[in-house]
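The following note is intended for a colleague who is new to this structure. Its points are numbered for reference.

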Amino acid sequence: MSNIDWAVLISTLLGIVGYGVYKSRGTKSMDAYLLGGQSMPWYTVCLSVMATQASAITFLSAPGLAYSSGMSFVQFYFGLPLAMIVLCVTFVPIFHRLKVYTAYEYLEQRFDFKTRALTAFLFLIQRGLSTGITIYAPAIILSTILNINVTYTTLFMGGLVIFYTVFGGTKAVSYTQLLQMTIIFCGLFAAGVMVVHLLPESVGFGKAISIAGKMGRTNAIDFDFSWTNPYNVWSGIIGGFFLQLSYFGTDQSQVGRYLTGSSVGQSRLGLLMNGLVKIPMQFLILLIGVLVFTFYQYNKAPLFFNSYELSKLEKSEHKAELAQIQTKYDQLFEKKKLEVEKLDAALAKDDVTLINQQRTIVKQYDEDGKAIREELTTLMKKNDANASTNDTNYIFLSFVTEYLPKGLIGLLIAIIFLASMGSTASALNSLASTTVVDIYKRIFNKTGSDGAYVNASRWATILWGVVCIIMALFTSKIGNLIEAVNILGSFIYGTILGVFLVAFYLKKVGSKAVFYAAILAEAIVCALGFAEVVAYLWLNVIGCLAVVIIAYLIQKLFKEDTLRPAPTTNLIIVS
C-alpha cells in the first residue's frame with residue numbers, strides 16, 4: 001500500500017476507537033457497561049445489530065463466495081424479515097420488561113438454574129469459536145499487505161479489539177458501530193462503482209452481469225427443493241428463519257445490542273429496519289464479487305490469491321514446477337480471453353445460438369482453470385503439508401490492493417478492519433456479560449457491588465479475548481469463513497431456540513423435561529451434522545423442533561410434579 005493508504009487506514013481506525021472510548025467515558029455501573037444505560041435510539045440499535053452480524057467475514061468472504069460459486073448465498077437471508085417480526089412481537093418486550101442483562105436470565109425464572117447454565121454454556125462455546133473466526137478475517141488482510149505470517153497479525157488485531165472493549169463496554173461498542181456502518185456503506189458503494197469503471201469500455205454494468213450469468217455466477221434464486229443443498233429458497237426461508245430467530249433472539253451478542261434501546265419501540269424499530277436493509281446489503285456485497293469475476297475475465301487473475309502461501313512455494317525446491325504451472329495458466333488465460341470477447345460480441349448482437357456456443361466454450365476454459373489450480377494446491381501440499389490451500393477469502397482483498405486507486409485502498413481495508421472490530425467487540429462484550437451475569441454473579445459472588453461486577457466484566461473480556469485469539473490461530477484450515485461461521489452456529493442455535501420456545505409457549509412443561517430434551521436434541525443435531533445427512537441450515541429446524549417435541553413427550557410420560565410458573569410478563573405486548 002502507498003503512504004496515503006496507510007494514513008487513511010491508521011487515521012480511520014484511531015479515530016473510530018478514540019470516538020468510542022470518549023463517548024463511553026465514566027462507565028462504572030453494570031447497567032451502563034453491559035446495556036449502555038438502555039439509552040440508544042433506534043438507528044443506533046439498527047446499525048449496531050447490523051455491524052455485529054456483518055463482520056469482516058462478510059466483506060472478505062462473501063465476494064469470494066460469489067466469485068467462486070455465484071450469488072445463491074443471498075437466499076440464506078430470506079428468513080430474516082419474518083424472524084425480525086417474530087422477535088419484535090415476543091422476545092423484545094419480554095426481555096425489556098424483565099430488565100435482564102442476558103437472555104438466559106429469563107430461563108432461570110421460567111425453569112431453573114441448570115437450564116439457564118446449559119443454554120449459557122452452549123452460547124459460550126458457539127460464540128467463542130465464532131469470534132475466533134471473526135478475529136482471523138482481518139488478520140488475513142495485514143498478513144497479505146505486510147507479507148508476514150498470519151499468526152502475528154492475529155495477535156495484533158485481537159489485542160486492539162480487547163483494548164477498547166475492556167475500556168468502554170457496550171457504549172464503546174455501540175458508538176463505534178454507528179460510525180463503522182456509515183463508512184462501510186460509503187466504501188462499498190465506491191468499490192462497486194470502481195469495479196465497473198475498470199471494466200473495458202465496451203463492457204458496461206449490464207453486460208458484465210450478463211457475462212457472469214452465462215458462466216453460472218448470477219444464480220441468486222433456486223426453487224428446487226433438496227435436503228442437501230444449503231442454498232435454495234426453501235432452506236433459506238425455513239432453515240434461515242429458525243437460524244436468524246435463534247441468532248437474534250437467543251445469542252447474547254445480538255440480544256445485548258437491542259437491549260441498549262431506550263424503549264421497546266426503539267428496539268423494535270431498530271430490528272425491523274435491520275430486517276429490511278440486510279438482504280439488499282448482502283445482495284450488493286455478493287454482486288461486487290460477481291463484478292470482480294467479470295473483471296478477471298478480461299484481466300488475468302493471480303494463479304493463487306493468497307500471496308503469502310504462493311511466495312513460500314516460489315522460494316522452495318518446487319519453484320521449477322510452479323513456473324511450469326504458471327506458464328500453463330498464462331496460456332490458458334490468453335485463449336480464454338479471446339473466447340470471452342467472442343461471447344461479448346455475441347451478446348451485443350443478441351445471437352442466441354452463438355451465445356450458447358460461446359458460453360459452453362468459456363465454461364470449459366473455466367473448468368480447465370480450476371484443474372490447473374488443483375494441480376497447484378497439490379504442489380503446495382507437497383511442499384508444506386500445513387499449507388492453506390483455500391484462497392476464496394483473499395479474492396476481494398487481492399483485487400482491492402492491486403487495482404483500486406490510492407486512498408480508496410486504505411479506506412476499503414479500514415472498512416474490513418472496522419467490520420471485524422465491531423462484530424468482535426460485540427461478541428467479547430456478550431461473552432463477558434454471560435460469564436459474569438449467568439455464572440460469576442449467580443454462583444461465586446451473589447452480593448457484590450456494581451463496581452466489583454464491572455471489574456469482573458473487564459477481566460472476563462480479557463480472558464475471552466485471549467481464548468478467541470487462540471482459537472483464531474487454528475482457523476486457517478476451515479475454508480470459506482462466512483460459511484464456516486454459519487455452519488458452526490447451526491449446530492447449536494436450533495437447540496437454544498427450542499428451549500426458549502418451550503419457555504414461551506408450553507407453559508405446562510417443566511425444567512427437567514426441557515433440560516433433558518435439550519441434551520438429546522443437541523446429540524441428534526451433532527450426529528446429523530457430522531454425518532452431513534442434511535444441509536446445515538436444516539439443523540436449526542431439526543434442533544428446535546426436537547427440543548419442543550421431546551420436552552413435551554417427557555413431560556407427558558413422566559408427569560413432572562413441580563412446575564415453576566412462567567414469569568408474569570407472559571406474552572402481553574406493549575407499545
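1. Does C526 count as buried, exposed or partly exposed? C526 counts as partly exposed, at 24% relative accessibility; buried means under 20% relative accessible area, exposed over 50%, and partly exposed in between (1.4 Å probe, protein chains only). C468, with a relative accessible area of 0%, is buried.

2. The model is predicted: local features need pLDDT of at least 70 and side-chain atom pairs count only at pLDDT 80 or more, whereas totals for chains, interfaces and linings use all residues. Residues are numbered from 1 along each chain as its sequence is written, and side-chain values use heavy atoms, with hydrogens and water left out.

3. The chain has 23 helices and zero strands, which are DSSP runs (helices H or I, at least four residues; strands E, at least two) numbered from the N terminus. Of its 575 residues, 59% are buried.

4. Zero disulfides are found in a search of the whole structure, a disulfide being a pair of cysteine sulfur atoms within 2.5 Å.

5. Among contacts in the chain (heavy atoms within 4.5 Å) with a separation of 6 or more, 87% involve residues 24 or more positions apart.

6. The lining of the largest pocket comprises 28 residues, and Y67, D366, G369, K370 and R373 lie nearest the pocket centre. A pocket is an open set of points on a 1 Å grid over the protein atoms alone, where a 1.4 Å probe fits, with protein on both sides within 12 Å along at least five of seven lines; lining residues have an atom within 4 Å of a point. Helix α16 (352–383) is among those supplying at least two lining residues, and α16 gives the most, with seven.
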